[in-house]
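This briefing concerns the structure shown below.

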Amino acid sequence: MSAPADEPKLYGRRAFLGVSAVGLSSLFWGKPVWDGVSGALQPIRNALPASLVPSGWRIYTVAATMPKFEPASWRLRIEGLVDNPHTLTYAELRKLPRAEQVSNFHCVTGWSVKNVHWAGVRFRDLLAAARPRLDGTVLGFVSAEKPYFDTLTLKQAELHDAMLAYEMNGKPLAREHGAPARVVIPEMYGYKNVKWVERIVVLDQVQPGYWEERGYDVDAWVGRSNGY
Amino acid sequence: MATEPLFVRQYASEPLYVRRFSRTERTLHWVHASAFLVLLGSGLVLYVPRLSELVGRRPLVKDIHFDTGLAWMLAIALVILLGDRRGIRRTLRELDAFDRDDRLWLRRIPRPQGRFNAGQKLNAALTASFALLFAVSGLLLWYGERNNSFRFASTILLHDGLMYVSVFVLVGHLYLALIYPSTKHALRGMTRGTVRRDWAWEHHRKWLESRQQPPNSDT
């Protein structure tokens, strides 16, 4: 018999079980802890070259390719239950009253991007010339990325920090973020923030959007929907 | 001759190569490795914005990623089912047990090692638990998209975190297997199954000794 000090120790299974237990339990503590730690890591991130630091964004798309923005031919059509259906060029969109905000972006799958600087047009200003009729209580956003679509009630769209954004962090909206214009509504999860908006249809009732037809909640309040 | 290294005197009459990994072990390794690379590639296309834009076709890439994950689990199960299960159990026992030499080796005190050194044993445990965690978090990401009660805010964080650590470990693994001069011969053990006796003597002496007949016996 070997002395107790020579007995093999079963570290293999302990390592396996330990790492598995930490990993599985992190499903319940991962995000809050990471949110705390990632604030402390910000100085390191600032010191690194920007190209090395993950932006935090993930680019979710539903079609084979992303729409390509051509400034000369791009149009935004506003129609439906309005007295004055009309079409805006990119230049005309940029001439509408400009609003800016810094807000957080939350995806329903669990990732967030903090302090995004947006510039764009509030929906009230965007819709003023179209003159929605009294029964027009819902905005339908048709994306150039087919078949993406979603709706917001007029009330939701008139939240103080909802807008149709055309700039992000001081630059015209990049292609992967929905160039040239996307919905921004920070109080709701990203799937309500329709990218590549090319048509706004004023409706009299809410219609299920792309993800809502696949089981997501129609009212996508951050922290209060989709099982959270 | 007295000037020759010890193993030459002891094993001069033995064949040059010794079998280190069975066919089942090698199949498990390469099934896991190839699935990991396809999953990593498709996963990065889903994760890195610039790659997402370049490649597009997200729904297709998502399907490839998910189906590869399923194929990986199925293939591992098949290899275990159809392979040398007794051998796998023996290997698991080897990987599980850290003897005194292993524990000293982990504290950077050079000690003769078995068929797996203590680092390889830890790597095996880590790889197995990561496989489990990747599978669980991946299935939760997929099913949570369909059923809200399986949606956890931290699932994606776990899946991504596993990816970062795995890539880090993989880089180290590839360095030792392909570049670092004294260890890269190990790759032969994972491709052809056999390694040079002198190399095994150097790196896995206890294993070589335990599988050897006493050096001076007449055979």
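In this predicted model, α2(B) meets α4(B) through B:T24, B:T27, B:L28, B:V31, B:H32, B:A35, B:V38, B:L39, B:S42, B:G43, B:V45 and B:L46. On the α4(B) side, the residues in this contact are B:R58, B:V61, B:K62, B:I64, B:H65, B:T68, B:G69, B:A71, B:W72, B:A75, B:I76 and B:V79. By class, the residues of the contact between α2(B) and α4(B) comprise 14 nonpolar, 8 polar and 2 charged.

**Geometry of the helix pair**

- Helix α2 of chain B covers residues 23-47, and helix α4 of chain B covers residues 58-82.
- The two helices pack at an angle of about 165 degrees, and their axes lie 9 Å apart.
- Angles over 145 degrees count as roughly antiparallel, and α2(B) and α4(B) are therefore roughly antiparallel to each other.
- The crossing in which α2(B) passes α4(B) is left-handed.

**Chain B as a whole**

- Chain B contains 11 helices and 2 strands.
- Read from the N terminus, the order of elements in chain B is α-β-α-α-α-α-α-α-α-α-β-α-α.
- The C-alpha trace of chain B spans about 70 × 35 × 30 Å along its principal axes.
- Of the 219 residues in chain B, 24% are buried.
- Among contacts in chain B with a separation of 6 or more, 55% join residues 24 or more positions apart.

**Contact between chains A and B**

- Chain A contributes 39 residues to the contact, and chain B contributes 35 residues.
- The side of chain A that touches chain B consists of 19 nonpolar, 13 polar and 7 charged residues.

Terms used
Residues numbered from 1 in each chain as written. Chains lettered and ligands numbered in written order. Predicted model: local features only at pLDDT ≥ 70, side-chain atom pairs only at ≥ 80, totals over all residues. Contact = placed C-beta atoms within 7 Å. Nonpolar A, V, L, I, M, F, W, Y, C, P; charged D, E, K, R; others polar. Helix = DSSP H or I, 4+ residues; strand = E, 2+ residues; numbered from the N terminus. Buried ≥ 20, exposed ≤ 12 C-beta atoms within 10 Å, placed from the backbone. Axes fitted to C-alpha atoms, helices over the stretch in contact; angles between N-to-C directions. Parallel < 35°, antiparallel > 145°, perpendicular 65-115°, else oblique. Left-handed = near helix turned anticlockwise from the far one by under 90°.
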